[in-house]
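Here is a set of questions and answers for working through a predicted model.

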Amino acid sequence: MIARWLVLAVLGLNPGSSVFSLRGLIGLGILAVVSILLVLSYAGLGAILQSGRQRRERPQDEDRYRGMIEETSDLIHIVSPEGKFLYVNRAWHNTFGYSDDELPNLTLMDLLHPDEREKARRQIGVLMNEGGVIEIETRFVTKNGSTIWVEGNSTCEVARSEVLTGRGIFRSV
């Protein structure tokens, strides 16, 4: 009963009358604005809760992808535009025999078989200028001097027309 009386009072209605007054129209406008604000607040809260859920799920996704990359038998690397190694996976370490501490002193060209370097320079040039994915079959030399044949593909990460990294995924053949 009190709630009905409050609504009628805000709307400017006399509890016994059904005629709107100016005060009632203003009250109706305020009620509409408050209703809209409540709906928007609820929607905003939903978005906030959703983004929080996404932030909690993102590390799980990153862990899942990192695990997949680290556990694969494919040789995966990321290099700077100068060919310096920024990342290599476990299979790469196991195959080439280099530790993380040795990586800063190595470039991709250092590990390519000498007979493959000129071809690789041309392929890398095409990749950096044209983008896309290139299929590669080449030879690398491991730390102990063994030659390994690999096949795979390479891509470039580009932002604002600038090459940020080169990425390669290879498998022994």
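**Pockets and aromatic pairs**

By class, six nonpolar, four polar and two charged residues make up the lining of the second largest pocket.

Q: Which elements give two or more residues to the lining of the second largest pocket?
A: The lining of this second largest pocket includes Tyr65, Arg66, Asn153 and Arg167, and the space within the pocket is about 210 Å³. The elements that contribute two or more residues to its lining are helix H2 (22-71), S1, S4 and S5.

Q: Which residues are the closest to the centre of the largest pocket?
A: The largest pocket has a volume of about 350 Å³. Of the 27 residues in its lining, the closest to the centre are His77, Val79, Leu108, Ile124 and Ser154.

Q: How many charged residues are in the lining of the largest pocket?
A: Among the elements that each supply at least two residues of this lining are helix H5 (117-130) and strand S3 (133-141). By class, the lining of the largest pocket has 15 nonpolar and 10 polar residues, and the number of charged residues is two.

Q: How far apart in sequence are the parts that the pair of phenylalanine 96 and phenylalanine 140 ties together?
A: The ring centres of phenylalanine 96 and phenylalanine 140 lie 5.4 Å apart with the planes at 85°, and planes over 60 degrees apart count as edge-to-face, so the pair is edge-to-face. Phenylalanine 96 lies in helix H3 (residues 90-96) and phenylalanine 140 in strand S3, so the parts tied together are apart in sequence by 44 residues.

Key: Residues numbered from 1 in each chain as written. Predicted model: local features only at pLDDT ≥ 70, side-chain atom pairs only at ≥ 80, totals over all residues. Heavy atoms only, no water. 1 Å grid on protein atoms, 1.4 Å probe; cavity = no way out; pocket = protein on both sides within 12 Å on 5 of 7 lines; lining within 4 Å. Points joined across faces, edges and corners; volume = space filled by probe spheres on them. Helix = DSSP H or I, 4+ residues; strand = E, 2+ residues; numbered from the N terminus. Nonpolar A, V, L, I, M, F, W, Y, C, P; charged D, E, K, R; others polar. Phe/Tyr/Trp six-rings, centres within 6.5 Å; stacked < 30°, edge-to-face > 60°.
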